[in-house]
Amino acid sequence: AMTQLLEELSKAFPGLKRVLIDERDAYLAEKIRQSPGEKLVAVVGAGHVAGLAAHLARGDAIALAPLDTVPPPSRFAGWFGWAFALSIVGSIVALGIVRGPEAAGDSALAWVLATGVPCAIGTALAFGHPGTILAAFVAAPITTLHPAIGAGHVTALVQSYFRPPLVREFSQVLDDLGSVAGLWRNRLLRVLLVFVLSSLGAASGMWFGLGQLLHSLFS
């Protein structure tokens, strides 16, 4: 089941598998190869067994320096994220200057509702825990203004706290992926659903809220 799951992951998200599995396989294999002693016992996650065995069987030396280096974040993405947040805050401040504090307060409330409500609805559609739905509503207006934190990160964490996946559900992932009911029944898959649907809700509300703010500012 683990092998099939990794194959599906490599087809759907090749970049994700490269970072989470392939690079770790190479790193672990080289560390095992460099360890002293004639006989070694290595305890690894099940998802790394096949890749480790392949690397060790080939016996090729692996350069660890590139794997130890953290790629620098994209400057464009960072600047765009902060520019977007500043445009929202700046629009609200500008409305306060032009039309008074009441208009600024109404705009801030509109932003909260525009982002929080769709995020909460997305979480509810994923059958998230009531606490997760509340967390989605509270987190969305804040996370949409922070480029490093997404609403889905918060909701997935809260959902996994209230409804942690069971061990048996990990082995049932492939079977549950094949049915609509299984997507919502499996707690692990439900955490993923909460992440995806809450993120989509927050993103749609974010652009809608920006449009409303700009319309209020320039109308």
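**Group meeting: notes on a predicted model**

I'll begin with E23, which at 29% relative accessibility counts as partly exposed. Its partner is R18: the two side chains form a salt bridge, with N and O 2.7 Å apart. R18 is also partly exposed, at 43% relative accessibility. Before going further, keep in mind that this is a predicted model.

How many salt bridges does the structure hold? There are two. Besides R18 with E23, R33 pairs with E30, and there the closest N and O atoms are 2.5 Å apart. R33 and E30 both belong to helix α2 and sit three residues apart, which means about one helical turn separates them. As a general point, an α-helix has 3.6 residues a turn, so residues three or four places apart point the same way. Is E30 buried or exposed? E30 is buried, because its relative accessible area is 6% and the cut-off for buried is under 20%. R33, at 28% relative accessibility, is partly exposed.

Next, confidence. The chain has a mean pLDDT of 87, and 96% of its residues reach 70 or more. Where in the chain is confidence lowest? That is helix α1, residues 2–12, with a mean of 71. Confidence is highest in helix α7, residues 130–143, at 96.

Now the surface. A nonpolar patch is formed by L109, L113, V117, I121 and L125, and together they have about 440 Å² of accessible area. One of these residues, L113, is in helix α6, which covers residues 101–125. L113 itself is partly exposed, with a relative accessible area of 41%.

On to a loop. A42 lies between α2 (14–34) and α3 (49–58). At 47% relative accessibility, A42 is partly exposed.

Last, helix α12. This helix takes in residues 187–218, 32 residues in total. From its first C-alpha to its last, α12 reaches 46 Å, close to the 46 Å expected at 1.5 Å a residue. What caps the N-terminal end of α12? The cap is N186, with a side-chain oxygen 2.9 Å from the backbone nitrogen of L188.

That is the end of my notes.

Notes. Residues are numbered from 1 along each chain as its sequence is written. This is a predicted model: local features need pLDDT of at least 70, side-chain atom pairs count only at pLDDT 80 or more; totals for chains, interfaces and linings use all residues. Side-chain values use heavy atoms; hydrogens and water are left out. Helices (H or I, at least four residues) and strands (E, at least two) are DSSP runs, numbered from the N terminus. The expected span of a helix is 1.5 Å times one less than its number of residues. A polar contact is a pair of N or O atoms within 3.5 Å; within protein, one must be able to donate a hydrogen and the other to accept it, and residues adjacent in sequence count only if both atoms are side-chain atoms. pLDDT is the predictor's confidence in each residue, from 0 to 100. Patches are made of residues with over 30% relative accessible area and no salt bridge: like charges are joined within 9 Å, nonpolar side chains (Val, Leu, Ile, Met, Phe, Trp, Tyr) within 5 Å. Accessible areas come from the Shrake-Rupley method with a 1.4 Å probe; for residues, only the protein chains shown count as cover. A salt bridge is a side-chain nitrogen of Lys or Arg within 4 Å of a carboxyl oxygen of Asp or Glu. Buried means under 20% relative accessible area, exposed over 50%, partly exposed in between (1.4 Å probe, protein chains only).
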